[in-house]
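This report describes selected features of one protein structure, shown below.

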Amino acid sequence: GHPDHVLSEIVKLRASRLNNCRYCIDMHTAAAQEGGVGDDRIAATADWADSPLFDERERTALALTDLLTVTEDLSRAEDSGAAAAWDEAALHFPDDELTQLVLTIAGINTWNRVMIAEEVSEAG
């Protein structure tokens, strides 16, 4: 199973913000809008942890996005926050959906880096 389209766009937008990929932020903002995500929720992806606009499943996916994007947290095996994020994700997403979510997060991180590299090379 695939996480739904809206969740996928929210996750891609969050990772793109963390990686500061302008092109990807614009692209996934537009895709989220087309998917029916309101501007308030789009804006809230910048600071989702303090926002009431995301449900538990979305918050779980966003926490996992942060963990897998800002990887210095992930590389510390003793980090209790990392284990908690995984445990929470396992509660909200069946195995196949969790795998898909991880691949979605990994994929957008790759695209963010490709697009940033392209912007840098064109500016050079």
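Glutamate 9 is in contact with His28, Ala31 and Ala32, leaving aside its neighbours within four places in sequence; contact here means heavy atoms within 4.5 Å. The structure is a predicted model, in which local features need pLDDT of at least 70 and side-chain atom pairs count only at pLDDT 80 or more, whereas totals for chains, interfaces and linings use all residues. Residues are numbered from 1 along each chain as its sequence is written, and side-chain values use heavy atoms, with hydrogens and water left out.

Glutamate 9 lies in helix α1. Helices (H or I, at least four residues) and strands (E, at least two) are DSSP runs numbered from the N terminus. With a relative accessible area of 6%, glutamate 9 is buried; buried means under 20% relative accessible area, exposed over 50%, and partly exposed in between (1.4 Å probe, protein chains only).

Residues up to four places away in sequence aside, arginine 14 touches Thr45, Ala46, Asp47, Trp48, Leu62, Thr65 and Asp66.

Aspartate 4 is found in the segment before α1 and counts as partly exposed, at 37% relative accessibility. The side chain of aspartate 4 makes a polar contact of 3.3 Å with the side chain of arginine 57. Such a contact is a pair of N or O atoms within 3.5 Å; within protein, one must be able to donate a hydrogen and the other to accept it, and residues adjacent in sequence count only if both atoms are side-chain atoms. The C-alpha atoms of aspartate 4 and arginine 57 are separated by 11 Å, and the two residues are 53 residues apart along the chain.

Asparagine 20 lies in the loop between α1 and α2 (22–34). Its phi is near 55°, a positive value in a residue other than glycine. Asparagine 20 counts as partly exposed, at 48% relative accessibility.

## Packing of α2 against α7

Two packed helices are described by the angle between their axes and the distance between the axes. The axes of α2 and α7 come within 8 Å and cross at roughly 130°, which makes α2 oblique to α7. Axes are lines fitted to C-alpha atoms, for helices over the stretch in contact, and angles run from 0 to 180 degrees between N-to-C directions. Angles under 35 degrees count as roughly parallel, over 145 as roughly antiparallel, 65 to 115 as roughly perpendicular and the rest as oblique.

In this pairing, Tyr23, Cys24 and His28 of α2 meet Ile108, Trp111, Asn112, Met115 and Glu119 of α7.

## The largest nonpolar core

The largest nonpolar core has 13 residues, and Ala61, Leu64, Phe93, Leu98, Leu101 and Ile105 are those with the most contacts inside it. Helices α1 (5–19), α4 (56–69), α6 (80–92) and α7 (95–123) each supply at least two residues of this core, with α4 giving the most, four residues. A nonpolar core is a set of buried Ala, Val, Leu, Ile, Met, Phe, Trp, Tyr and Cys residues joined through side-chain atoms within 4.5 Å.

Alanine 61 touches Leu7, Val11, Phe93, Leu101 and Ile105, not counting residues up to four places away in sequence. Leucine 91, in helix α6, counts as exposed at 69% relative accessibility.
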